[in-house]
Amino acid sequence: MDTTSTFWLPGQYSTIASDVDGLFYFIYWCSVFLLALVTAAMTLFVIRYRRRGKVSLTSGFTHNTSMEIVWSVIPTIPIVVVFMWGSKTFIRMHAMPGNAVEVKVTAQKWFWSFDYPDGASSVNELVVPVNKSVKLTMSSQDVIHSFFVPQFRVKQDVLPNRYTQLWFQATARGTYNLYCAEFCGKGHSEMLGKVRVVSDSEFVKWADEQNKPPEGMSLEDFGAQLYKTKACVTCHSVDGTAGTGPSFKNVFGHEVLLADGRRVMADENYVRESILDPRAKVVNGFQPVMPTYQGVIKDRQIDAIIAYLKTLAK
Amino acid sequence: MSPHDTPQASPLAHHFADMEQQRDSAKLGMWVFLLTEVLLFGGLFCVYAIYRAWHPEMFFNAHKQLNVWMGATNTIVLIASSVTMALAIRSMQLNQRKPAVRFIFATLALAGVFLVIKYFEYAHKIHLGQLPGKYYTFTGLEGTNPHVFFTVYFMMTGLHGFHVLCGMGAMLWLLRRIRKGEFSAEYYTPIEMTGLYWHLVDLIWIFLFPLFYLIG
Amino acid sequence: MQTAAATSYLHEPKGLKSWLFTLDHKRIGVMYLVAIMTMFLVGGVLALLIRTELLHPGRDIMGAETYNRMFTLHGAIMIFLFIIPSIPAAIGNFVLPLMIGAKDVAFPRLNLMSWYLYVFGALFSIYSIITGGIDTGWTFYTPYSITTGTSVISITTGVFILGFSSIFTGLNFIVTVHKLRAPGMSWFKMPLMVWGLYATAIVQVLATPVLGITLVLLILERLFSIGIFDPALGGDPVLYQHFFWFYSHPAVYIMILPGMAIISELVSTFSHRHIFGYKAIAFSSLGIAFLGFLVWGHHMFTSGQSETASVVFSFLTFFIGIPSGVKIFNWLATLYKGQISFKAPMLYTMSFLFLFTIGGLTGIFLGALSVDVHLQDTYFVVAHFHYVMMGGAVMALLGGIHYWWPKMFGKMYSEFWARIAAILIFVGFNMTFFTQFIMGTRGMPRRYYSYPSEFTGMHGFSSVGSYVLGLGFLIAVIYLIHSLFRGPVAPANPWGALTLEWQTSSPPPTDNFDYDPIVEHGPYDYDKIHVEPMK
């Protein structure tokens with residue numbers, strides 16, 4: 001946990017966070033006051049007026065219109081403040097800034113992919129420059145997901161039939177958790193990402209490096225890295241245990257039994273097809289739930305994954 | 001033996017003070033039930049309104065596929081059946097059993113005519129492939145998502161048709177009870193309740209007809 | 001007491017068949033109570049399994065797919081099979097005719113049919129468990145519910161049938177209240193329980209049909225791809241959410257209004273004091289019932305509905321807080337200058353006042369648009385509705401069961417164990433759910449099978465709390481069942497209450513009263529009439 005978080009709320013790392021938290025604490029202290037009032041009155045009355053022995057006729061004080069008006073009207077005042085304050089910030093959250101870094105977000109079971117203006121793309125890691133407005137245009141490939149970064153205080157559902165938008169401006173460099181907040185099935189709680197906020201120059205450099213293996217890295221190691229960054233790891237283990245998908249251990253170069261009863265050799269073309277058109281050949285015992293990586297992954301990256309799979313096979 | 005298990009010799013149930021209280025209760029209960037029916041259809045009317053607002057041109061084009069004359073005939077048939085139903089109640093109020101039976105038969109027959117006409121309309125639509133959702137195969141319509149029009153059409157007229165069938169069932173039940181001599185000028189609440197229900201079925205069609213057949 | 005037992009509704013007529021075909025509202029109420037408590041047990045066991053799984057991140061006792069089925073069933077069972085029918089259909093059925101001096105509800109056959117519909121609905125839901133369960137969450141959001149391979153149809157059919165059960169109960173109550181009040185029982189002499197049930201019945205009758213048609217559309221969408229909610233065919237999943245919440249938000253008031261109604265009775269009886277602000281409480285129930293229909297969009301602030309809609313819904317949402325607040329203040333004013341007894345039902349009443357206040361106040365966080373964006377779909381929401389539903393409705397139900405138990409079964413339970421259970425339930429509840437407020441504000445999303453390790457401590461604490469809660473319920477089951485066989489015989493009016501159901505014997509005769517009741521005083525005239533409660 002970062003050190004700026006408080007008992008109730010995570011640290012504030014976007015331009016709207018302090019505004020949201022201001023209202024949060026306003027409601028919080030009003031609530032604490034009211035709860036204390038109710039609890040104190042209840043405790044006081046039940047002790048002071050506890051039954052002692054036999055009962056007798058009790059007070060005929062049964063209604064009082066002015067009291068009803070007072071306790072209806074007085075709470076209305078803070079309520080109106082809360083409504084106005086909340087709406088004002090909400091409208092600000094929805095007014096898209098003009099000169100923003102625009103990123104296309106695609107959600108699908110169960111990972112996030114991000115497409116940047118200059119052609120770079122990333123999976124499960126949104127990289128953005130600090131102190132610049134970032135505008136996300138989001139859509140889903142399957143069911144409803146929800147983009148949620150607690151430290152930015154932003155959340156927006158991601159729908160399959162239209163685009164939803166969200167913007168934020170991060171105020172400090174660092175890495176922040178990204179959650180899917182709308183239930184989307186088996187891997188819902190694994191649909192985690194990071195938002196990495198970097199300086200302007202780092203952002204430019206990072207975007208350049210996206211499509212090729214880093215300097216001096218072997219193809220196998222690049223494949224191993226992609227295995228993590230492209231979210232293969234969510235469903236496929238490398239130690240032989242079956243997850244949502246089959247394990248990658250001892251696959252390459254072995255014969256695979258498919259759901260339709262066919263047997264095929266797991267060669268380069270099989271791997272390529274399984275990445276780009278995963279439902280063409282489904283391994284026996286597994287559900288056809290993997291989405292296509294068409295457009296998400298480049299040819300050179302597929303080469304790297306094949307190289308990595310070879311290292312996993314005996 | 002408790003009063004609950006006594007067979008209903010008298011039409012007055014044990015927990016009511018008198019016939020008037022029983023009749024008022026039945027009437028109020030029926031009105032509340034009709035209200036729930038209105039809300040059930042209300043959901044579909046909302047679907048209609050929303051999709052029509054989203055695709056006004058498609059709705060306009062698609063509605064031309066419906067046969068106005070068949071729809072209009074059915075409207076007249078149902079209104080006539082409401083009249084015969086009201087006459088059946090009137091007859092029972094006057095203790096005239098035979099005319100009551102005849103009017104209920106007439107209502108049943110008109111309901112049957114309605115369903116037969118509806119059948120021909122449906123058969124034609126099915127033949128052309130003007131079906132809901134993914135079963136829609138018709139190609140002669142412009143506009144986005146014309147299948148939605150037919151989804152809404154089949155849902156609403158289908159649910160209405162189901163209500164017509166239920167009403168016919170209720171009328172058969174009434175005929176049996178009349179034959180057993182259970183009703184008289186003093187007690188004819190079930191006929192009155194069926195009548196209320198039947199008027200609602202009629203009324204819903206009177207909304208459906210212009211909304212589907214006569215969009216301007 | 002032998003004579004009372006011989007004529008009571010419990011003992012005559014005898015045999016299982018006489019129960020299964022009974023038209024007596026009291027027997028139907030008891031049958032509902034048994035059915036509902038069975039479902040509560042199932043839902044509760046599921047909850048404990050869920051909490052056990054959440055002891056650590058990753059797998060403890062079940063896989064993700066099983067977990068998703070568990071929380072879906074927990075929600076669906078608790079809402080559709082437990083809370084919605086609990087107070088109206090079980091307790092309301094039993095006490096409503098008694099409280100207004102009627103011999104039965106207006107339509108006894110319809111009442112029995114409601115019970116059978118409930119059972120059929122429950123069977124459909126259980127069938128869905130046998131056929132592999134359902135993993136959509138209790139809200140059945142499209143398009144997930146259209147595409148998932150689990151048995152969505154059987155459970156939604158079940159819920160559809162349960163909806164009719166609920167509608168018929170509501171219809172029956174409305175007519176009963178309008179037409180079957182005893183001579184002298186004017187509207188403003190009705191106990192507030194009756195007002196609450198009446199307001200609930202209105203919501204049941206007006207909202208449930210819309211759920212019915214929504215589920216029909218969902219089922220047809222799944223079966224025939226009709227293109228209303230399915231985005232692949234030009235449909236709109238957000239439209240489904242509107243339809244669903246148009247019912248399910250008012251349904252929240254179907255759950256809490258009867259709870260508030262019970263609290264009004266308990267506060268007055270156990271303070272031995274005239275209820276304060278009778279009309280304010282009665283009208284606030286109707287106000288809540290009405291406003292409840294205008295605020296469904298506050299479940300959808302982050303769904304992609306228009307900003308304007310969100311602002312309007314937020315505005316309307318705050319107004320519903322006012323009548324709820326009015327009730328709390330009136331109950332507190334009733335305590336003032338009373339003669340307060342700490343019997344078990346009163347302990348539940350005090351729990352209710354504290355927990356429901358927290359539940360209501362946390363609703364303000366969620367109604368405030370900008371704060372809701374952060375809190376939506378986190379454990380904060382989970383904690384909020386458990387404070388309202390469990391801290392509110394279930395505490396009231398438990399209070400009501402303990403209050404009317406002697407009337408229903410003619411036996412007293414152990415007061416000592418009842419108090420122990422009430423305290424355990426209160427402590428366990430707060431341990432379980434207050435922790436979840438903190439997790440929620442810190443950003444823990446709901447419906448997560450696994451979670452980041454920073455939440456391990458709080459999840460563990462919450463789980464331990466749920467075991468304390470479970471222990472409290474276990475004790476309650478034991479002493480309540482024990483009382484049926486070994487409990488001392490209850491007098492007609494153990495609490496010294498003034499409403500009509502306490503004027504007849506415990507348990508009441510089949511026709512409720514051995515005489516035609518005439519109402520001569522108000523239900524809460526503790527300032528005019530002296531009744532001594534049992535020692």
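I first looked up which chains touch: of the two pairs that do, chains A and C have the most contacts, a contact being two residues whose C-beta atoms, placed from the backbone, lie within 7 Å. Chains A and B do not touch, and their nearest C-alpha atoms are 14 Å apart.

I note that this is a predicted model, in which local features need pLDDT of at least 70, side-chain atom pairs count only at pLDDT 80 or more, and totals for chains, interfaces and linings use all residues. Residues are numbered from 1 along each chain as its sequence is written, while chains are lettered from A and ligands numbered from 1 in the order in which they are written.

I then turned to chain A. I found seven helices and 12 strands, which are DSSP runs numbered from the N terminus (helices H or I, at least four residues; strands E, at least two). Of its 314 residues, 35% count as buried, that is, 20 or more other C-beta atoms lie within 10 Å of the residue's own, again placed from the backbone.

I looked next at backbone angles. Ala231(A) has a positive phi, near 70 degrees, and sits in the loop between helix 5 (219–229) and strand 11 (255–257) of chain A. Ala231(A) counts as buried because it has 24 C-beta neighbours inside 10 Å.

Pro13(C) lies in the loop between helix 1 (2–7) and helix 2 (16–20), whereas Pro507(C) is in the segment after helix 16 (456–486).

Conventions. Buried ≥ 20, exposed ≤ 12 C-beta atoms within 10 Å, placed from the backbone.
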